Amino acid sequence: MSNSSIPHVALLIETSRSHGRGLLNGIRQFIAENEEWSVFVMPRSLDSQIPDWISRWKGDGILSRTTSQEMADAITESGIPAVELRATKLNHAFPFLGIDNRAMGRMVAEHFLERGIRHFGVYEIGSEVYFEERRDNYVQTIQKSGFEVSVFSALEDSEAPREWEKQQEEMVKWVRGLPKPVGIMACTDQLGFWLLDACDRAGISVPDEVAVVGVENDDILCMMARPPLSSVAFNSARIGYEAAALLSRLMKGEAAPEESFLFDPLGIVTRQSSDVVAVDDPELALALRYIRENACKGIQVTDILNAVPLSRTALERKMKAAIGRSPKAEIIRTQLERAKQLLGTTDLSLSEIAQKIGFRHSQYFSTVFKEKTGETPGTYRAKMR
């Protein structure tokens, strides 16, 4: 411990990205709720240099998003307790907390499958282990459902304007050649932003012909994209909080855990880029869109029948054939997806959430939630937050 009784902690976490800022917010929350720290933090990007002071610093703990082997070695040599917050191929001995990228790939695949999409692509970049995990699990989930995935690989130097233009030209050719409608996962929001630009250049309609989902839910990139980009939201604040809690225990002499701690993403924030129902039957497409737009208003199957020129028997048969669920099951699924977002990102009471998703009584909402997910809303909220 440093000379002061207050732990001195360095945060080597990028401030240029939404995930890094979310981690810092979770760390701030832990400090506010539990114990006072003297914190060193400064603006950083993922490729910021190794701090030259680290070998001389006499602090008590480090929370790091390590980007180079040299930086990992410097932290190790300092002998200071550390927690890693970035999945990496680097060699280091720090305990790791982060996002379950495999769950993320599965989540995007299911997002497309639930919308009736039957053609798939992935825009990948292979520079990081977590990008590979996202891609691989997405592809595996699609293949288990009986479909194939077309892969487009980003150029390693695509951030240079000349190479980016070359990449965009190649991506336009790739997107034009895909069967439509197609769902494409971009392994980062930056890639998703570029993919939507390529669709615009190619004159391809988004989301009707190409539906796109990115990863990280960076608000600026997602809302700047044309159209706004759907994206997987990380549980960044919780990861930051738990990482700070672990570092606190390490600084008090507790042994470092051997296993990694992985947290599920919060869910997909659906924006215009994937807000589509991809079925050939126009009446069924209308029914599915009606459910998606009105499920949280407490609609019943009779409301769908009033909006769509189909008999109840025909609606049931078509929905079972297209998405494997009945109209009632699809209403409930849509309501519970919204409930999960509210449980993970707000402090609304169960009664308030039940009202917002179209349930009249919170007890009935809790019963249905547990029946469909295997856990109570309270348990789910605690896990997510």
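Trainee: Which element gives the largest share of the lining of the second largest cavity?

Mentor: Bear in mind that this is a predicted model. The second largest cavity is lined by Glu114, Arg115, Val277, Leu288, Arg292, Glu330, Arg333 and Thr334, and two helices, H9 and H12, each supply at least two residues of that lining. The largest share, three residues, comes from H12.

Trainee: How many residues of the lining of the second largest cavity are charged?

Mentor: The cavity has a volume of about 90 Å³, and its lining includes Glu114 and Arg333. Sorted by class, the lining holds two nonpolar residues and one polar residue, while the number of charged residues is five.

Trainee: What is the volume of the largest cavity, and which element supplies the largest share of its lining?

Mentor: The count comes to two cavities of 30 Å³ or more, and about 180 Å³ of space lies in the largest cavity. Its lining has 17 residues, with His19, Arg65, Tyr130, Arg134 and Phe234 nearest the centre. Strand S5 (97-99) and helix H4 (129-144) are the elements that give two or more residues to this lining. The volume is therefore about 180 Å³, and the largest share, three residues, comes from H4.

Trainee: Turning to the largest pocket, which element gives the largest share of its lining?

Mentor: The largest pocket holds about 1,100 Å³ of space and is lined by 37 residues, with Glu114, Arg333, Leu336, Glu337 and Lys340 nearest its centre. By class, the lining divides into 13 nonpolar, seven polar and 17 charged residues. Among the elements that each supply at least two lining residues are helix H3 (101-114), helix H9 (282-294) and helix H15 (377-384), but the largest share, nine residues, comes from H12.

Trainee: Are H12 and H15 parallel, perpendicular or oblique to each other?

Mentor: Two packed helices are described by the angle between their axes and the distance between the axes. Here the axes of H12 and H15 come within 8 Å and cross at roughly 55°. Since angles under 35 degrees count as roughly parallel and 65 to 115 as roughly perpendicular, H12 and H15 are therefore oblique.

Trainee: What is the handedness of the crossing of H12 and H15?

Mentor: The contact is made by Lys340, Leu342, Leu343 and Gly344 of H12 together with Pro377, Tyr380, Arg381 and Met384 of H15. These residues divide into five nonpolar, one polar and two charged. The crossing of H12 and H15 is right-handed.

Conventions
Residues are numbered from 1 along each chain as its sequence is written. This is a predicted model: local features need pLDDT of at least 70, side-chain atom pairs count only at pLDDT 80 or more; totals for chains, interfaces and linings use all residues. Side-chain values use heavy atoms; hydrogens and water are left out. On a 1 Å grid over the protein atoms alone, a cavity is a set of points where a 1.4 Å probe fits but cannot get out, and a pocket is an open set with protein on both sides within 12 Å along at least five of seven lines; lining residues have an atom within 4 Å of a point. Helices (H or I, at least four residues) and strands (E, at least two) are DSSP runs, numbered from the N terminus. Ala, Val, Leu, Ile, Met, Phe, Trp, Tyr, Cys and Pro count as nonpolar, Asp, Glu, Lys and Arg as charged, and the others, Gly among them, as polar. Axes are lines fitted to C-alpha atoms, for helices over the stretch in contact, and angles run from 0 to 180 degrees between N-to-C directions. Angles under 35 degrees count as roughly parallel, over 145 as roughly antiparallel, 65 to 115 as roughly perpendicular and the rest as oblique. A crossing is left-handed if the near helix is turned anticlockwise from the far one by less than a right angle, and right-handed if clockwise. Contact means heavy atoms within 4.5 Å.
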